[in-house]
Amino acid sequence: MAGHADGEVLERRIENVLDFYYPACVDERGGYIAQLDPETGSVYDRDARHLVATARFVSNFSIGVRAGGPDWCTSAAAHGLRFLDTHHRDGERGGYAWLLDVTDPVDGTRSPYGHAFVLLAHARALEVGLDDHVSFDLRDRLVDVASLIERRFREPAHDLLGCRLDADWNPIGAYRGQNANMHACEAFLAAYETTDEQSYLERALTIARRVTVDLADPDGRIWEHYTEAWEPDHDYNRSDPRHQFRPWGFQPGHHAEWAKLLAALARHREAAWLSDRAVELFEYALTGWADDGGFYYTLDFADEPVVADRYGWPVAEAIGAAAALHEATGEARYLEWYDRFWTYAVDRLVAPGGSWYEKLTPDHEPVVTTDGPEVEPGYHPTGACFESLRMVGHGD
């Protein structure tokens with residue numbers, strides 16, 4: 001295999017993303033600066049520290065270490081691990097704060113979504129030996145975070161992660177969502193692959209089956225939003241379909257992401273439902289692939305576009321899904337889609353500095369925003385390369 005499936009090309013693409021952020025992202029005051037203009041690299045907010053961005057940076061730089069990237073990947077990842085431990089982590093009440101102003105908490109919300117990424121960060125870091133670069137026991141922290149997720153967020157009656165909590169661990173609202181559970185599945189899978197702890201694999205499998213089989217609609221599609229009783233809430237954000245994180249409608253990108261996760265889980269457990277659902281979810285994701293390229297952000301119940309904007313992350317997740325499915329099946333069609341996704345990404349999504357644009361208009365024009373704390377410092381494209389490297393045999 002060559003071109004988009006060339007290991008050296010994929011390693012360079014990881015380095016290109018990391019190069020865009022480093023060294024500007026490493027702040028001597030603590031943590032990472034994630035708010036960089038994708039076209040110029042200029043910093044538009046030096047102070048916001050989002051938990052998800054911090055954890056994703058650690059994961060990205062750890063993948064850089066695994067992919068044989070520059071030596072600074074190690075020190076950059078360790079920098080973020082120390083910040084997670086010293087400033088995001090609440091040593092008195094437990095858990096990790098959602099948002100900081102440099103080192104001062106401004107939103108102490110305990111989010112299942114955010115804690116899933118904290119677990120992922122520790123798993124990726126432990127896998128590449130970063131325990132030698134921090135003053136605490138990284139394996140102990142991983143175990144602590146996994147245990148905290150189970151104690152604080154898991155709802156035993158449903159075997160899924162529930163709502164957000166405040167800093168004193170009191171529930172905030174009745175919203176339940178599949179997205180936090182999807183990333184918890186990803187994190188527990190990574191924790192298993194790092195530690196060989198069987199309970200983490202079982203947890204990932206349970207979450208995956210609950211969301212992709214038990215909660216799927218009669219057509220096999222996955223709804224995003226649920227009530228406290230885990231019934232689909234088909235009215236949630238119906239009046240705000242462009243909501244960036246909780247839009248109304250079916251998201252092709254999340255169907256691709258679940259296809260990737262199920263194919264990855266099938267490496268460790270032979271089960272027909274894993275492979276069958278991975279294929280089905282990938283096929284549904286393709287329903288949202290536009291004739292002129294890119295995924296529609298959301299689809300309605302007739303599988304027609306609701307929001308036609310093209311985000312970068314669904315393309316990255318589809319690359320990972322196609323790679324994992326090609327590895328599992330050897331079928332040429334997945335490699336063909338893999339190449340098609342990469343071609344669109346290179347032509348439309350890669351910004352001048354090497355990072356990816358988060359969002360394009362329906363006419364494929366970049367939408368550059370400097371509003372709010374950044375949560376996506378190259379995590380999705382780095383993950384696409386990570387899964388692609390596994391396909392070509394460079395990631396094991």
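Reply: Tryptophan 230 is buried, with a relative accessible area of 4%; buried means under 20% relative accessible area, exposed over 50%, and partly exposed in between, for a 1.4 Å probe and protein chains only. The model is a predicted one, in which local features need pLDDT of at least 70 and side-chain atom pairs count only at pLDDT 80 or more, while totals for chains, interfaces and linings use all residues. Residues are numbered from 1 along each chain as its sequence is written, and side-chain values use heavy atoms, with hydrogens and water left out.

Tryptophan 230 sits in the loop between β11 (225-226) and α8 (252-265); helices (H or I, at least four residues) and strands (E, at least two) are DSSP runs numbered from the N terminus. Although tryptophan 230 is not a glycine, its phi is positive, near 60 degrees. Aspartate 159 also has a positive phi, about 60 degrees, without being a glycine. Aspartate 159 belongs to the loop between β6 (154-155) and β7 (160-161), and is partly exposed at 22% relative accessible area.

The loop that holds tryptophan 230 also contains tryptophan 248, whose aromatic partner, tryptophan 223, lies in the loop between α7 (198-214) and β11. In total, the structure holds 30 aromatic pairs; rings of Phe, Tyr and Trp (its six-membered ring) pair if their centres lie within 6.5 Å, and planes under 30 degrees apart count as stacked, over 60 as edge-to-face and the rest as tilted. Phenylalanine 61 and tryptophan 72 form one of them: the ring centres are 6.2 Å apart and the planes stand at 80 degrees, so this pair is edge-to-face. Phenylalanine 61 in helix α2 and tryptophan 72 in helix α3 (residues 72-88) are 11 residues apart, and the pair links distant parts of the chain. Both of these residues, phenylalanine 61 and tryptophan 72, are buried. Tryptophan 223 and tryptophan 248 are likewise edge-to-face, with 5.6 Å centre to centre and 75 degrees between the planes. They are 25 residues apart and link distant parts of the chain, and both are buried. Phenylalanine 61 and tryptophan 72 also belong to one aromatic cluster, together with Phe20, Tyr21, Tyr22, Tyr32 and Phe57. Proline 23 is found in the loop between α1 (7-21) and β1 (35-36).

The structure holds three cavities of 30 Å³ or more; on a 1 Å grid over the protein atoms alone, a cavity is a set of points where a 1.4 Å probe fits but cannot get out, and lining residues have an atom within 4 Å of a point. Grid points are joined across faces, edges and corners, and a volume is the space filled by probe spheres set on the points. The largest cavity has a volume of about 190 Å³. Among its 18 lining residues, Arg124, Glu186, Lys260, Phe386 and Glu387 are the closest to its centre. Two or more lining residues come from each of α2 (51-66), α4 (112-127), α6 (178-195), α8 and α12 (379-392). Helix α12 gives the largest share of this lining, six residues.

How values were computed. 1 Å grid on protein atoms, 1.4 Å probe; cavity = no way out; pocket = protein on both sides within 12 Å on 5 of 7 lines; lining within 4 Å.
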